[in-house]
Amino acid sequence: MNGDARLAALRDRAREWGDQFRAAAPELDRDPDAVHRHLDLPGVRHLRTYGTPREYGGRPLRIGPYVFEGTGAVEHVVLLEELARGDAGLTLAAPGPSMSGVLVDKLADPGQRAEYYARIVSEPTWTCFALTEPGHGSDASAMETTLRPGADGRLVLTGRKRYVGNAARAQLAVVFARTGSGPLGVTAVLVDTGCAGWRAEPLDTLGLRGAQLGALTLDDLPVEPERVLGRHLSPVRRGMWACVQVFNRLRPGVAALALGIAGAAHAYVVEQRPAARGTARDRIEELGRRIEATRSLVLRAAAEVDATGAGHLASAAKARACALAEEVTLAACELLAPAARAGHPLLDKLARDARGVEFMEGTRNIQHLNLFPALLSGRATG
């Protein structure tokens, strides 16, 4: 019961912040650079240092008797669902550690962590996680970006990345590259984007425009050897192993983003059609029940990640929630027809955003492939 009350307190606070995000959503959808005009929103301020350990200057969120450190997956999905009900675009556009912070926590040595978090807490700092490449997506086995020895004792980073959230805003980046062949030849480096050789350009997108996906060109970018993450670890425990661990942890969060979008679309239909009867009312109620059921799956997946680090339920939750976001936004358009998207700009935005989350942290077919071994072995039940 205490755990339920704790999460309920977090959900209530996050929903207040999400309401403020919703008010900012239309402006950010028109102009992604508008994020700079919303840095004082309480939810954005929280995301700015979210997950930063106390020893590096992080401040836990306190709500009544409860303290939230921002390190658990269950807390993460509750927060992200409610913020995404307001606006998934602003949630993704906010400065802060985001994906790169999870990898830093997995791989960085104390000096790297101290340097990284000193930047995070000193001022609004955007970060990015550069894995995906133009021709190969996030398939690390086909990665072409390289990290090789330079002539002056430093390393040289060369290659291209694409569809990287916040790439054009980022001051700090985690970049994946190859140092050799095979799965042990993948590594990650921490890059200051002010270095020569870094070029980032925003891409135009239909949905999640606030996240400002970008394309990177890395042209013989110099990297100090001490910027290689996991250099104090064995090759087995860095590179793709760490990347898989990050994805396991973050996928319930992506599912929560999708769930928030679905919840926002459902709430909008309920608001617009309060007197719905017959089949329309039945359909609206059914969508609400499916959202509740998917929320249970997302929370269960997050609890599994917190308990064991296993990611098969995270894949199931991500696949189910993203499909639901598409289904609910389309159903909402049908329920408010004719010309629902033209007459309801918020619903149009939600429909566009719903398709964007499908491509975050692996598409549905990848999630099904991740889930299948657990189903085959009996580890995924219920």
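Just past the end of helix α7, G309 takes a positive phi of about 85°. That's a handy place to start, and keep in mind that this is a predicted model.

- Helix α3 covers residues 73-93, which makes 21 residues.
- Its end C-alpha atoms sit only 20 Å apart, short of the 30 Å that a straight helix would reach at 1.5 Å a residue.
- Where is the kink in α3 centred? It is centred on D87, and the kink is about 120°.
- 20 of the 21 residues of α3 are buried, so the helix is largely enclosed by the rest of the structure.

**Helix α7 and its meeting with α3**

- Helix α7 runs through residues 278-308. It has 31 residues and reaches 45 Å from its first C-alpha to its last, close to the 45 Å expected at 1.5 Å a residue.
- The axes of α3 and α7 come within 7 Å and cross at roughly 145°.
- On the α3 side, the residues in this meeting are A73, V74, V77, V78 and E81. On the α7 side they are R295, V298, L299, A302, A303, V305 and D306.
- Sorted by class, that contact has nine nonpolar residues, three charged ones and no polar ones.
- Which residues of α7 are buried? They are A280, I284, L287, G288, I291, T294, R295, V298, A301, A302 and V305.
- An α-helix has 3.6 residues a turn, so residues three or four places apart point the same way.

**A73, a residue in α3**

- A73 lies in helix α3, and at 2% relative accessibility it counts as buried, because the cut-off is under 20%.
- A73 and A303 are 230 residues apart in sequence, yet 6.8 Å apart in space, C-alpha to C-alpha.
- Leaving out residues up to four places away in sequence, A73 touches R249, A302, V305 and D306.

**The nonpolar cores**

- The largest nonpolar core has 71 residues. Within it, F21, L79, L90, V298, L347 and V357 touch the most other members.
- A second, separate core of 26 residues includes M99, L103, L190 and M240.
- V298 turns up again here: setting aside its neighbours within four places in sequence, V298 is in contact with V77, P252, A255, A256, L259 and A317.

**L257 in helix α6**

- L257 has its place in helix α6, and with 3% relative accessibility it counts as buried.
- How far apart are the C-alpha atoms of L257 and E82? They are separated by 8.3 Å, although the two residues are 175 residues apart along the chain.
- Not counting residues up to four places away in sequence, L257 touches L80, A84, T91, L92, V357 and M360.

**Helix α11**

- Helix α11 takes in residues 364-377, so to speak a run of 14 residues. It reaches 21 Å from its first C-alpha to its last, close to the 20 Å expected at 1.5 Å a residue.
- α11 bends by about 30° at L371, and a proline, P373, follows within four residues.
- The buried residues of α11 are Q367, L371 and A374. They pack against α6 (240-272) and α8 (312-335).
- After α11 comes G378, whose phi is positive, near 90°.

**Backbone spots in the loops**

- The peptide bond from A337 to P338 is cis, with omega near 0°. P338 has its place in the loop between α8 and α9 (340-343).
- A339 lies in that loop between α8 and α9 too. A339 isn't a glycine, but it has a positive phi of about 50°.
- Is A339 buried or exposed? At 56% relative accessibility, A339 counts as exposed.
- E361 lies in the loop between α10 (345-357) and α11. E361 isn't a glycine either, and it has a positive phi of about 60°.
- E361 is buried, with a relative accessible area of 11%.

Notes. Residues are numbered from 1 along each chain as its sequence is written. This is a predicted model: local features need pLDDT of at least 70, side-chain atom pairs count only at pLDDT 80 or more; totals for chains, interfaces and linings use all residues. Side-chain values use heavy atoms; hydrogens and water are left out. Helices (H or I, at least four residues) and strands (E, at least two) are DSSP runs, numbered from the N terminus. The expected span of a helix is 1.5 Å times one less than its number of residues. The bend at a residue is the angle between axes fitted to the seven residues ending there and the seven starting there. Buried means under 20% relative accessible area, exposed over 50%, partly exposed in between (1.4 Å probe, protein chains only). Axes are lines fitted to C-alpha atoms, for helices over the stretch in contact, and angles run from 0 to 180 degrees between N-to-C directions. Contact means heavy atoms within 4.5 Å. Ala, Val, Leu, Ile, Met, Phe, Trp, Tyr, Cys and Pro count as nonpolar, Asp, Glu, Lys and Arg as charged, and the others, Gly among them, as polar. A nonpolar core is a set of buried Ala, Val, Leu, Ile, Met, Phe, Trp, Tyr and Cys residues joined through side-chain atoms within 4.5 Å.
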